[in-house]
Amino acid sequence: MKIVDGLKWRYAVKKFDPTKKLTTEQINYVKEAINFIPSSYGLQPYKVLEITDPQIRAKLKEAAYGQTQLTDAAHVFVFASFTDYNPAKVEEFVNLTAQINPMPKENSDGFKNYLNSMIAGMSNEQLAIWTAKQVYIALGSMIAAASEIEIDSAAMEGFDKAKFDEILGLKEKGLASAVIGAIGYRSPEDQNQFLKKVRKPMDQLFETI
Ligand SMILES: Cc1cc2nc3c(=O)[nH]c(=O)nc-3n(C[C@H](O)[C@H](O)[C@H](O)COP(=O)(O)O)c2cc1C
């Protein structure tokens, strides 16, 4: 499907068919779409956790007010953003960049210094907001790529973030859960699939200046 056709076809799944699984190829396609979407400076200041353990999924469902997508979707991603983006991470990123696109040392040092001072200029709270914003771009890519290959999805931010962080041990890793992305196949019983899309008329959403 073309991307816009996919986006018109998809809807926010409430009830997945727990018997339907995805192939490794399908999962990898969506993972590539998550990986190749851009982020600010290319830093990808997040981790994408793939939750496969059924017991952990059950715990997460409880922490997400019983939303069954957590247990019934074929694949569940928790997008977690870095709460600290320290110089060690900058170093790792710039080294990776220089390895892929070799550059003189003074350039990579300059890039490192620039990134470090940009990050140092943010409060912890600003940094957490900035990294969490990056994650939503990756989530959008997940949704679009899944729909392109006719895989259903659900984005969820209705969950107790502190409980998720505790269950997944994220604090110790300098991460905070931001949003969930579940993919799989809709249940024929999910009534939401029969609803018409509610979107603003184009001339209300867009304004020419
Ligand atoms: C970031 C984000 C978070 C959402 N969180 C939830 C959620 O926790 N539970 C839920 O049932 N739907 C959730 N939704 C689904 C939206 O309500 C839904 O996408 C919206 O109403 C538009 O409907 P459509 O996706 O079917 O076109 C979320 C969607 C997004 C993009």
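Residue numbers start from 1 along each chain as its sequence is written. What you have loaded is a predicted model, in which local features need pLDDT of at least 70, side-chain atom pairs count only at pLDDT 80 or more, and totals for chains, interfaces and linings use all residues.

**The whole chain**

Start with a cartoon view. The C-alpha trace spans about 60 × 45 × 35 Å along its principal axes.

**The sheet**

Now select the strands. Two strands count as paired if DSSP finds at least two bridges between them. Together they make an open sheet of 4 strands, with antiparallel pairing and the order 1-2-4-3. Strand 1 (46–50) and strand 3 (152–156) are at the edges with a single partner strand each, so one side of each has no neighbour in the sheet. On average, neighbouring strands are turned by 25° against each other, direction ignored; the angle is taken between lines fitted to C-alpha atoms, and angles in general run from 0 to 180 degrees between N-to-C directions.

Go across it pair by pair:

- Strand 1 and strand 2 (residues 75–82) run antiparallel and are joined by 5 bridges. Show K47, and you'll see A80 of strand 2 opposite.
- Strand 2 pairs with strand 4 in the antiparallel sense over 8 bridges. Here F82 stands opposite L175 in strand 4.
- Strand 3 and strand 4 are antiparallel too, over 5 bridges. Pick A154, whose bridge partner in strand 4 is A182.

A residue is buried if 20 or more other C-beta atoms lie within 10 Å of its own, exposed if 12 or fewer, and partly exposed in between, with C-beta atoms placed from the backbone. Across the 209 residues of the protein, 29% count as buried.

**T131**

Next, select T131, in helix 7 (residues 124–148). T131 counts as buried because it has 26 C-beta neighbours inside 10 Å. Contact means that the C-beta atoms of two residues, placed from the backbone, lie within 7 Å. Leaving aside neighbours within four places in sequence, T131 contacts P45, Y46, S81, F82 and Y85. Try the distance tool on T131 and P45: they are 86 residues apart in sequence, but 5.7 Å apart C-alpha to C-alpha.

**The ligand**

Last stop: which residues are around the ligand? Select Y11, A12, K14, Q67, A155, M156, E157, G158, V179 and K197; a residue counts as near if its C-beta atom, placed from the backbone, lies within 6 Å. By class, this shell has 5 nonpolar, 2 polar and 3 charged residues. Nonpolar means Ala, Val, Leu, Ile, Met, Phe, Trp, Tyr, Cys and Pro, charged means Asp, Glu, Lys and Arg, and the others, Gly among them, count as polar.

Terms used:
Helix = DSSP H or I, 4+ residues; strand = E, 2+ residues; numbered from the N terminus.
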